[in-house]
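Visitor: I have a protein structure open beside its sequence, and I would like to learn how to read it step by step. Could you guide me through a few of its features?

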Amino acid sequence: MDWLPTLWFIVIAVLWCGYLFLEGFDLGVGMLIGLGGSTEKRKRLLLNTIGPVWDGNEVWLLTAGGATFAAFPHWYASLFSALYIPLTIVLVALIFRAVAIEYRGKAITAPTRKAWDLALGLGSLVAAFGVGAMLALTTLGLPLNENGDRIGGPFAWLNWQAILGGTAVVAFCWIHALAFLRLKTDGKVRHQAGKLVGRWLPLAILPLVAWALLVLLDNDSAIAWAVMGVAVISLLVSMMTGRSGREGISFIALGITLLAGVAAIFTAAYPVVLPSSIDPAFDLTVANASSSSYTLKLMSIVAAFGVPLVLAYQSWSYWVFRKRLREEHIPETHRVVSIIK
């Protein structure tokens with residue numbers, strides 16, 4: 001079935017969109033906790049806003065990587081071997097971030113809590129930057145030869161395109177987190193987040209726009225330009241509704257800006273899944289990088305049952321924990337004494 005590789009290219013694009021949308025505010029909140037100055041109670045408030053959902057959001061990253069491995073093994077092999085060092089760094093950053101979230105509340109002394117805060121902040125920042133750099137290189141190109149092998153040293157991937165992509169994702173995660181906190185909290189945190197979003201939203205979204213324009217200008221796709229138009233309109237809606245206090249609509253519109261922008265990038269790149277910066281003849285495409293039709297058909301059957309299930313339980317989780325949080329809801333720091341002898 002010739003349409004199955006295209007279908008799985010779309011599925012992988014959707015998985016990356018879901019990861020950037022859901023994990024975006026998670027990573028941004030982590031950066032705000034670990035790298036921003038704030039009181040202990042406020043940090044705990046911020047952590048509680050993502051506490052019930054952060055680990056579920058990371059499933060999208062694992063699924064995107066797994067789907068790439070199964071549906072496009074040549075894409076996976078070339079990308080992961082060329083980016084072995086940055087991907088390892090991202091993995092370590094995600095480990096530090098996860099451990100910091102789990103162990104911060106168990107710290108007894110203030111210096112220990114600050115150490116976990118730093119691990120959380122840096123882990124979130126490095127993970128966001130690394131994911132953005134990888135996606136930018138996936139759409140703008142890597143120095144690959146005719147065998148799909150990287151040409152150059154271990155840091156041949158470190159160029160201005162990677163820095164642009166990393167900056168785009170970091171900036172978006174930061175502004176997305178502020179928009180999330182404006183929707184999820186109440187009181188001073190909500191007010192301060194709203195002021196920052198109104199002031200910095202246009203600037204924070206610029207690196208993402210620049211990345212998308214680079215891909216669109218390098219590829220002739222009317223559909224991609226139309227989707228990019230949706231992203232621009234959604235951004236304007238987010239800005240206007242945010243200023244008028246309609247925080248829910250503003251948050252959704254900002255999310256649509258991201259989804260439409262990333263969709264425009266993948267649409268413009270199609271059918272290339274990994275371009276070669278050496279010679280376009282060495283590009284990996286949905287045709288020459290995909291698995292067999294049997295494999296893709298079996299994956300489609302499994303996904304038809306699995307994806308709705310994941311969407312259902314994640315939607316339920318967000319619905320259960322939909323209430324706003326205030327600093328007054330957070331108890332004072334206290335030690336728990338075990339009564340077990």
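Predicted model: local features only at pLDDT ≥ 70, side-chain atom pairs only at ≥ 80, totals over all residues.

Visitor: Let me begin with the inside, then: which residues touch the most other members of the largest nonpolar core?

Guide: The largest nonpolar core has 100 residues, and those touching the most other members are W16, F72, L142 and W211. When you ask where this core draws its residues from, the largest share is that of helix α1, residues 3–35, which gives 17 residues.

Visitor: Next I would like to understand salt bridges; how many does the structure hold?

Guide: The general idea is that side chains of opposite charge can pair when their charged atoms come close. In this structure there are 10 salt bridges. One of them joins R97 to E23, with the closest N and O atoms 3.1 Å apart. Because R97 lies in helix α6 (residues 84–103) and E23 in helix α1, this pair ties together parts that are 74 residues apart in sequence.

Visitor: Are R97 and E23 buried or exposed?

Guide: Both R97 and E23 are buried.

Visitor: Which residue does R104 meet in a salt bridge?

Guide: The side chain of R104 meets that of E40, with 2.6 Å from N to O. Since R104 lies in the loop between α6 and α7 while E40 lies in helix α2 (residues 40–50), the pair ties together parts that are 64 residues apart in sequence. Here the two partners fall into separate classes of accessibility: R104 has a relative accessible area of 4%, so it is buried, while E40 is at 25% and therefore counts as partly exposed. Both residues also belong to a network of salt bridges that links E40, K43, R104, R113 and D117.

Visitor: What does the salt bridge of E247 and R324 look like?

Guide: The side chains of E247 and R324 meet at 2.8 Å, N to O. This pair links distant parts of the chain, with E247 in helix α11 (residues 247–269) and R324 in the segment after α12, 77 residues apart. E247 is buried, with a relative accessible area of 11%, whereas R324, with 28%, is partly exposed.

Visitor: How should I read two helices that pack together, and at what angle do α4 and α5 pack?

Guide: Two packed helices are described by the angle between their axes and by the distance between the axes. Helix α4 (residues 59–71) and helix α5 (residues 73–82) pack at about 120°, and their axes are 5 Å apart. That angle makes α4 oblique to α5. On the α4 side the residues are G65, T68, F69, A70 and A71, and they meet P73, W75 and Y76 of α5. The residues of this contact divide into six nonpolar, two polar and no charged.

How values were computed: Residues numbered from 1 in each chain as written. Heavy atoms only, no water. Core = buried A, V, L, I, M, F, W, Y, C linked by side-chain atoms within 4.5 Å. Buried < 20%, exposed > 50% of the residue type's maximum accessible area, 1.4 Å probe, protein only. Helix = DSSP H or I, 4+ residues; strand = E, 2+ residues; numbered from the N terminus. Salt bridge = Lys/Arg side-chain N within 4 Å of Asp/Glu carboxyl O. Axes fitted to C-alpha atoms, helices over the stretch in contact; angles between N-to-C directions. Parallel < 35°, antiparallel > 145°, perpendicular 65-115°, else oblique. Contact = heavy atoms within 4.5 Å. Nonpolar A, V, L, I, M, F, W, Y, C, P; charged D, E, K, R; others polar.
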